[in-house]
Amino acid sequence: MHEQGISEEEIFEELERFSSLDTNFKKVMSSMCTLPHPIAIRAHQRFIHTNIGDPGLFIGTCEMEKQVIEMAAVLLKHDNPKEAAGHLTSGGTESNIEAVYHMKNRFMHAKDTNENDAGARSENAKDVKLNLIVPATAHFSFEKIANMFNLQLRKAELDSTYRVVPRSVESKIDENTIGIIGIAGNTEFGEMDPIGKLSEIAIKNNLPLHIDAAFGGFVYPFLKDQNELNQFGFDLPGVTSVSLDPHKMGFSVIPAGIIVFKNASVLDTSLDRIKVKTPYLTSNYQSTLTGTRPGSAVAATYAVMKYLGREGYQKNVAYCLDLTEYLFQKLIGIKLKPKFPAINIMVVEVGGVQQTTHIRRCLREQFGWYISETKTKVALRLVLMPHVTKEDIDQFVLDLKYILDNEDLECTCC
Ligand SMILES: *Cc1c(COP(=O)(O)O)cnc(C)c1O
């Protein structure tokens, strides 16, 4: 740090230089984020000073957070949205951490109760590793979560469309299973697991079922075709919590995630291990993972959800799906065989692992495109977010064709 501060003008010159190194999203088809809606930006600025970790000081912003959770509960088909509980988080990772934290607490709570009832505590039982069942497509945040809570991650098999096989999930359950994860819009393919079946399994085995809808939460509810294969909400009786990210397809600012628990009372008792006394704040207790939390993200999310409404989100999703269909046809036009997309994520095989990486690198180095690769299947992956246009796709496909036709290109970047 300088001894004396420098001028605002100089600082902003510096900031511009940093900003010019960042993307403006123009050629980005690797990210699940996009530019926030202007309404979200305006609301964000207005609430930039607010901290919902200290609720007594920001009663209005906390009221707004409650309403966002209620809107999310309605979107997730809760039959009594006021019974739901939840809050804004920094995104899918934090929401998933809280969901699993809750699962582990519930399990330990039940175990403590049973052991107390039996009047004896088995020493061996303490050393047993608890486990969590996830689809093999689970987001990498679950690797962190397994480490954090010392859990064994049991990865259930996928069918040929990259949706989890319910029989495989069920076969992995034992007396040390704390819960089941289902995904509504997996990160690599955008596919939805058979949540209805998972719900039945969860109920039969008396286990909580968390749905990771970080990406799909603002996509699937807005598809024109609503059928039982793309349902994942609280109308399925086994679903106990859902995460969905306003900072992905919700057009809010970063960081904005949402975690919703079906039942506030369940949350209250089983989260007692998170819940702590907060002696120097305006509240008595805090049961969120993080302390200070941005009310600006709440305001941005509230504003954009209210502004767009269902109709606005439906239009945006329709736009992204139209782009996806357009890209699909274009790729077929250059003799590739893309996977039929579930939503606005396109996966296309272009050869083996090395060839796939080579093509991704060349697209970046020669033409400035950011796309990614899938690991579950060796392929290129493109996310068609609202900032992408048909003109971008035309150019992208030309560039891709050029690279496919010029095998001797050398690309060493990234
Ligand atoms: C993006 C994503 C996450 C992680 O969300 P962050 O906001 O990056 O923490 C979790 N799960 C799924 C399915 C995702 O697509």
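The legends below describe close-up views of a predicted model.

**View 1. Residues around the ligand.**
The shell around the ligand holds 14 residues, and Gly92, Thr93, Asp212, His247 and Lys248 come nearest. By residue type, the shell divides into three nonpolar, eight polar and three charged residues. Helix H4, which spans residues 92–118, gives the most to this shell, with three residues.

The side chain of Asp212 has an N or O atom 2.6 Å from a nitrogen atom of the ligand. Thr187 places a polar side-chain atom 3.1 Å from an oxygen atom of the ligand. On its own the ligand has 380 Å² of accessible area, of which the protein covers 86%.

**View 2. The disulfide between Cys362 and Cys411.**
Two disulfides are found in a search of the whole structure. One of them joins Cys362 to Cys411, with an S to S distance of 2.0 Å. The torsion about this S-S bond is about 105°, so the disulfide is right-handed. Cys362 lies in helix H11 (residues 353–367), whereas Cys411 lies in the segment after helix H12 (390–405), so the pair ties together parts that are 49 residues apart in sequence. Both ends are buried: Cys362 has a relative accessible area of 0%, and Cys411 has one of 8%.

**View 3. The disulfide between Cys413 and Cys414.**
Cys413 and Cys414 form a disulfide in which the sulfur atoms are 2.2 Å apart. Cys414 is partly exposed, with a relative accessible area of 43%. When the bonded cysteines of the chain are numbered in sequence order, the pairing reads 1-2, 3-4.

A disulfide is a covalent bond between the sulfur atoms of two cysteines. For Cys33, the closest cysteine sulfur is that of Cys320, 13 Å away, which is too far for a bond. The cut-off used for a disulfide is a pair of sulfur atoms within 2.5 Å. Cys33 is buried, with a relative accessible area of 16%. Cys320 is likewise in no disulfide, and the nearest cysteine sulfur to Cys320 is that of Cys33. Cys320 is buried, with a relative accessible area of 0%.

**View 4. The surroundings of Cys33.**
Cys33 sits in the loop between helix H1 (8–21) and helix H2 (38–46). Apart from neighbours within four places in sequence, Cys33 is in contact with Phe25, His247, Ile254, Met385 and His387. One of these contacts, His247, is also among the residues that come nearest to the ligand.

**View 5. Ser168 in helix H7.**
Ser168 is found in helix H7, which covers residues 166–171. With a relative accessible area of 7%, Ser168 is buried, as the cut-off for that term is under 20%. Leaving out residues up to four places away in sequence, Ser168 touches Ala156 and Glu157.

Key:
Residues are numbered from 1 along each chain as its sequence is written. This is a predicted model: local features need pLDDT of at least 70, side-chain atom pairs count only at pLDDT 80 or more; totals for chains, interfaces and linings use all residues. Side-chain values use heavy atoms; hydrogens and water are left out. A residue is near a molecule or strand if one of its heavy atoms lies within 4 Å of it. A polar contact is a pair of N or O atoms within 3.5 Å; within protein, one must be able to donate a hydrogen and the other to accept it, and residues adjacent in sequence count only if both atoms are side-chain atoms. Accessible areas come from the Shrake-Rupley method with a 1.4 Å probe; for residues, only the protein chains shown count as cover. Helices (H or I, at least four residues) and strands (E, at least two) are DSSP runs, numbered from the N terminus. Ala, Val, Leu, Ile, Met, Phe, Trp, Tyr, Cys and Pro count as nonpolar, Asp, Glu, Lys and Arg as charged, and the others, Gly among them, as polar. Buried means under 20% relative accessible area, exposed over 50%, partly exposed in between (1.4 Å probe, protein chains only). Contact means heavy atoms within 4.5 Å.
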